[in-house]
Amino acid sequence: MSKVGVARGAAALGATRIATNLANLGALVVLARLLTPQDFGLVAICTTVLGVLVALTELSVGSALIQRDEVTPAHIDSAWTMSLLRAALIAGGFALASEPLARLYGDDRLAPLFVLSGITGALAGLTNPLVSLRMRAMNFRPMIMLQIVQKLSALAISVGLALWLRNYWAIVVGSAIGGALGTVLSYLVVPYRPRFTLSRSRDLLGFSSWLFLGQVMNVVNWRFDQLVIGLFLPTAQLGAYSMADNVSAIPSREATTPLVQTLFPSFARMQGDRARLRTAYQTAQGAIGIVALPIAVGFMLLADPMVRVALGQKWLITVPLIQVIGFSYALQTLVTGSRPLAMAEGATRTLFVRDVWGLALRVPCVTVGLMGWGLMGLVWGRLLSSVLGLFITSALVTKLTGLPILDQMKAHRRTILAVVVMAAAVLAADHELLQVGAMPIARIAVLAPLGALTYLGMLHLLWIGSGRSAGAEAELLGLARTAIARFRKGRRAPAITGV
């Protein structure tokens, strides 16, 4: 698959995610104003437990279809049947466990929320499997349509219900309806008549079994802290942590997800060509770092004024949480491409081992931090586990591509230095703005463009200083020039008139 094909797919998904997540951010601001940290805490308990159950039943059949060289109708029908059985297990399991789970968390309001959350998770898992195959062919239109409908409908319904109900039901019901609409739409945009069969289930499980185990480890890893907070701290603190985590994830997740989604099918076409795959990974990962790292760090630096403007005074507790968690997410952008790389190579067992090590590090770091220093101790423990996890993931990339860890980090050296200069400029300017009593909105208006211009200018100078070396900067610049040339050519094209 050509670089232009990957770039087009990433650009299409990126534009979609930017649009939907601007709407998501707007809805989050409205919901934060209408609801309380305790409301968000109750929802966080449900989504955390649902996330763990979804991971425990995850079959990754869509990824298995993408990774296979040959896919028959029997494989597609088997994937759908496996998803149907999994959906029934999720809905039934949550219904049966709702009362015991509510008693475990000491809040009877959770029981009906658990039931509805189970139905939501079940419906989300019944997406048309042909959508995954369209992605393999680099046709992202069905996925884009699903993301738009599911996200915007859920947000609109949640905000409308919040204005009416003023409680946690608004978020849960909105998510359920949005998920249902997305699932139904998947069968409309890509026509498919499912057939119940498990004749090719073993073929799919051969790839997805280790991926399933890795997914369990990965989800338990990232949900462990919320499970612990829900059990040992007040619900309002869990709500604050959940809000901080969601806000912190937006810049790095939205900057990397579109490209990562295109990397898996692209890498999958390079199986067996290690040299080509190594070069493609290093270039792609460098590009991810150039885009995502400054956005994640910049968001972290602007946490205080942004919370004051967007969420209000009652959410100021989230500011130090966003700053630490945001740095954790920023570190992850340096190895984001490792997962699609491993999946494309069929190295799902290696991913599982990586995730086991990640969980083994995170549990003691988070637990000791929580027991010793409360909520802030937990987030610092999370950051420590992220630093250690960075080296573990880099070792995985070394195993798959032969790239030494030092060479992987060197690929980001200009990006990291430019980000450090950007952070210094923003912190110095913010200090001066606070001295003169600048309003939060004024701080954002000054610091955001200052940070962006400082980063881009420094990165450009460092690249020129390196002799305009080949790499991610050159690739991004080339793609940008191609896009601009196509745009100009399209504008100059003469209009076709009738005779």
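**Model and confidence**

The model is predicted; local features need pLDDT of at least 70, side-chain atom pairs count only at pLDDT 80 or more, and totals for chains, interfaces and linings use all residues. Residues are numbered from 1 along each chain as its sequence is written, and side-chain values use heavy atoms, without hydrogens and water.

pLDDT is the predictor's confidence in each residue, from 0 to 100. The chain average is 85. At least 70 is reached by 89% of the residues. Among the elements of the chain, helix H17 (residues 413-435) has the highest mean pLDDT, 96. Helix H1 (residues 3-34) has the lowest, 69. Over residues 495-499, pLDDT stays under 50. Where pLDDT is low, the predicted coordinates should not be read in detail.

Helices are DSSP runs of H or I with at least four residues, numbered from the N terminus. The expected span of a helix is 1.5 Å times one less than its number of residues.

Helix H2 (residues 37-56) has 20 residues. From first C-alpha to last it reaches 28 Å, close to the 28 Å expected. H2 is mostly covered, with 15 of its 20 residues buried. Buried means under 20% relative accessible area, exposed over 50%, and partly exposed in between (1.4 Å probe, protein chains only).

H17 has 23 residues, which should span 33 Å; its end C-alpha atoms are 33 Å apart, in agreement. Its buried residues include Arg-414, Ala-418, Met-422, Val-426, Asp-430 and Leu-433. Gly-437 follows H17 and has a positive phi, near 75 degrees.

**Nonpolar cores**

A nonpolar core is a set of buried Ala, Val, Leu, Ile, Met, Phe, Trp, Tyr and Cys residues joined through side-chain atoms within 4.5 Å. The largest has 55 residues. Phe-40, Leu-110, Phe-114 and Met-243 have the most contacts inside it. H2 gives this core its largest share, eight residues. Another core lies apart from it, with 24 residues, among them Leu-293, Ala-330, Val-419 and Ala-472.

Beyond its neighbours within four places in sequence, Phe-40 contacts Leu-28, Leu-31, Ala-32, Leu-35, Ile-171, Gly-239, Met-243 and Trp-315.

**Aromatic pairs**

The structure holds four aromatic pairs. Rings of Phe, Tyr and Trp (its six-membered ring) pair if their centres lie within 6.5 Å; planes under 30 degrees apart count as stacked, over 60 as edge-to-face and the rest as tilted. Two of the pairs are tabulated.

| Pair | Centre to centre | Angle between planes | Class |
|---|---|---|---|
| Phe-40 and Trp-315 | 5.4 Å | 90 degrees | edge-to-face |
| Tyr-187 and Tyr-192 | 6.4 Å | 20 degrees | stacked |

Phe-40 lies in H2 and Trp-315 in the loop between helix H12 (303-310) and helix H13 (318-332), so their pair ties together parts 275 residues apart in sequence. Both Phe-40 and Trp-315 are buried. Tyr-187 counts as partly exposed, at 21% relative accessibility. Tyr-192 counts as buried, at 15%.

Ile-288 sits in helix H11 (residues 274-301). Its relative accessible area is 2%, so Ile-288 is buried. Gly-337 is 49 residues from Ile-288 in sequence, and their C-alpha atoms are 8.0 Å apart.

Gln-408 belongs to helix H16 (residues 405-410). Gln-408 is buried too, with a relative accessible area of 7%. Not counting residues up to four places away in sequence, Gln-408 touches Ser-394, Val-397, Thr-398 and Leu-403.

Technical notes. Helices (H or I, at least four residues) and strands (E, at least two) are DSSP runs, numbered from the N terminus. Contact means heavy atoms within 4.5 Å.
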